[in-house]
Amino acid sequence: VLFILNGLERLNLDFRLAGTELCCDPNEPVPPSAIVVNLLRKYLLPEASIIVTTRPSAVRRIPGKYVGRYAEVCGFSDTNLQKLYFQMRLSQPGCGGEHSVGGSSGEQENLVEMLSRNLERHNQIAAACFLPSYCWLVCTTLHFLYFTRTVPPSQTLTGIYTSFLRLNFSGEVLDSTDPTSISMMKYVAKTVGKLAYEGVMSRKTCFSENDLQQCFEVEMKTESELNLLEVFRSDVFRFFLTPCVQPGKEHTFVFTIPAMQEYLAALYVVLGEKKTLAQRVGKELSEVIGKVSEEVAVVLSIISKVLPLRFLPVLFNLLKIFPRYFSRLSSKDQDAIAHTMAEELFKEEDYYNDDVLDQINSSILGVEGPMRHPDEAPDDEVFELFPIFMGGILSRRNRAILEQLGCSIKNLAAFEIAKAMEKTVIRKSRKGLPPSELMDYLFFLHEFQNERFTAEAVRSLRTVNLSSVKMTPLKCSVLASVVGTTCHEVEELNLTSCNLDTSSLRILFPVLLRCKVLHLQLNSLGSDACKEIRNLLLHDKCVVSHLRLANNPGAQYLAEALAGNRSLTYLSLLHTALGDRGAGIIAQHLAENQHLQELNLGYNSLTDTAALQVVEVAKKHMTLDKVHLYFNDISEDGKRALDSLRMDRDGVRALVFLTAGTDVSDYWSHILNVVQKNLPFWDRERVRQHLALLLQDLESSRRQTANPWRKAKFLRVESEVKKMLGELQHGS
């Protein structure tokens, strides 16, 4: 028989004969502790084998004469074991999510490869993953970042960290012999949380021994407190803090996982541990005076019935005012927590950092391309997860888990903080945020898990600009989930250059339906993705009026949506590789459209035939009055034919060149602005050729006019074109 006794530190065993009698009969009824002691004495069932697990601080509770061998479970001492764990965990069949396809296995292999490379070059991560439980945290975080495709996401990042702490510390008391029976997690929040918070406030990740003493020992007064600290240092300290391996910082400590510093700092604040001396004294004084005043008032009310001392109960009833006043004063704490959250969430110095999800990804997988030494700290530490974790900890699910860990956050406190946040967080968000910060704000709302608050926050956003944010499936799910808390129409959604693909568009479909102005340029959307956009435009609830699809090949596949759509008034298919065939398909379906007002087909290699076909259809269109055709392969004859279709005769403007007969086109600045914005993404040699043709046309038209005012206008436009040609030539 093998007995496994897990967690000896939870039992207070007494091996003295006076404390626990000898017992060798398995049938004899004795207390559980007596059974365990006699098993370990080898007096009861001496032939049985016994394995005991314990924390280091309790290892001497069993006298050495009863122990055959001591073994310490350390962790993955070999990085190859870490890699093997990651390979097995990330290659599991279900790791790609419910809708995993063949491509996801390649992504899993790529993740394992990137993680392995980062372990080899980044000593601090390898040191963290020495503990198998941190390997679990890394894998769970990667799974969350890469394989979340549900709306709303089934997990939150805060939930992952809270569950991680529950896995390690659920039911754990720091020292079972201490009368306070403080939970291990509560003690960690008060001590390590304080260190973490002070590090966040001073933007510091490395801590000296002096820093540790300031946080852990400065308030230790009694022998009991010092004993608890000794147990903490023995059992728990190295789980959260590890020696720094950066050159020159060998005698300092860092948090084993960097994001854990921000989580514990957030927990420290939300639990209300960040109090001034006056607040702590006031709370204790309030409790003492409250109890004393009640007892004294009862005694005096009895005495006053016998003696003429009726004024005394009145005097002592006044003592009750202090606790009531203090309770009102302490409600200000919730305002302070909300204020801290808002200040940290909208720090202007963090406005142009990557969004937090990309930061986490980089911290685990490393950064592609040239970089500084992997163990070298950045010039300025970033702590943008701190306010997000504060919001996540306040969610109902995380509060329930923390309650099991001995860290209680009352429903009323969470409600009051949320109420205070409406005055601070939502007001600050209305000022407009850069794209990466807006993504962080949306992620904060997702982590907060408060639908009413989120709906109020989303309604206050007039436009959602996420241009250049790499929209992973997780970020798309967060955006769809957060915006999905309301039913109102979104004025403008900018997803320019966001690495969107077909699956991203499917996740975002309900949000896209409600957008009036939609920017999807520069996403390399192919045929399948454009078919999704076609389905979007044909949906009976679609309200999209302006759609920009510039620089996306495959746009011809949404042509048939023109016939059935009722909301679209502006469509840009600039530089979408249409060619004459694609333009013909567009023209064919355009004839059945009744609402479009402006169509941009610039830079699509259209020849005279295709351009004239489009404009002929546009002439007969009821509402279309402007067609952009610049930067196409249109000859001088084609230009003259298009020029003959002037607005004053046929009701349609064809924007082809910078000239209109012997005058400058009214739209010359618009055309040059479009070219200027797209220069980084277009073929420079081809753009140079088109600009040279435009310049020749301007010079030719200038020579044909005798009007000095018109000549001056031509010279001005020529100088702008020459300036752009100069920039192209110098590669700027």
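Tutor: We begin with a term: a contact means heavy atoms within 4.5 Å. Among contacts in the protein chain between residues at least 6 apart in sequence, 76% join residues at least 24 apart. Please note that this is a predicted model, in which local features need pLDDT of at least 70 and side-chain atom pairs count only at pLDDT 80 or more, while totals for chains, interfaces and linings use all residues. Residues are numbered from 1 along each chain as its sequence is written, and side-chain values use heavy atoms, with hydrogens and water left out.

Student: How many helices and strands are there in the protein chain?

Tutor: Helices (H or I, at least four residues) and strands (E, at least two) are DSSP runs, numbered from the N terminus. The protein chain has 32 helices and 14 strands.

Student: What share of the residues of the protein chain counts as buried?

Tutor: Buried means under 20% relative accessible area, exposed means over 50%, and partly exposed lies in between (1.4 Å probe, protein chains only). Of the 732 residues of the protein chain, 49% count as buried. Just after α1, K42 takes a positive phi of about 65°.

Student: Where is the place of G19?

Tutor: G19 lies in the loop between β1 (2-6) and α1 (32-40). With a relative accessible area of 42%, G19 is partly exposed. The C-alpha atoms of G19 and A34 are separated by 9.1 Å, and the two residues are 15 residues apart along the chain.

Student: How should I read the packing of two helices?

Tutor: Two packed helices are described by the angle between their axes and the distance between the axes. Axes are lines fitted to C-alpha atoms, for helices over the stretch in contact, and angles run from 0 to 180 degrees between N-to-C directions. Here the axes of helix α7 (residues 184-201) and helix α9 (residues 223-235) come within 12 Å and cross at roughly 90°. That makes α7 roughly perpendicular to α9, where angles under 35 degrees count as roughly parallel, over 145 as roughly antiparallel, 65 to 115 as roughly perpendicular and the rest as oblique.

Student: Which residues of α7 and α9 make the contact?

Tutor: On α7 they are Y187, V188, T191 and V192, and on α9 they are E225, L228, L229 and F232. The residues of this contact divide into six nonpolar, one polar and one charged. In this grouping, Ala, Val, Leu, Ile, Met, Phe, Trp, Tyr, Cys and Pro count as nonpolar, Asp, Glu, Lys and Arg as charged, and the others, Gly among them, as polar.

Student: In what order do the eight strands form the open sheet?

Tutor: Strands of a sheet pair through backbone hydrogen bonds, either parallel or antiparallel. Two strands pair if DSSP finds at least two bridges between them. In this open sheet the order is β5-β6-β7-β8-β9-β10-β11-β12, and the pairing is parallel. Strands β5 (463-465) and β12 (653-655) stand at the edges, each with a single partner strand, so one side of each is left without a neighbour in the sheet. The twist averages 10° from one strand to the next. The bridge partner of E492 in β7 is V517.

Student: How many salt bridges does the structure hold?

Tutor: Side chains of opposite charge can pair when their charged atoms come close. A salt bridge is a side-chain nitrogen of Lys or Arg within 4 Å of a carboxyl oxygen of Asp or Glu. The structure holds 23 salt bridges. One of them joins the side chains of E343 and K428 (3.3 Å, N to O). This pair links distant parts of the chain, with E343 in helix α15 (residues 332-345) and K428 in helix α19 (residues 411-429), 85 residues apart. E343 counts as partly exposed, at 34% relative accessibility.

Student: Is R534, in its salt bridge with E560, buried or exposed?

Tutor: R534 counts as buried, at 18% relative accessibility, whereas E560 counts as partly exposed at 40%. Their side chains meet in a salt bridge (3.5 Å, N to O).
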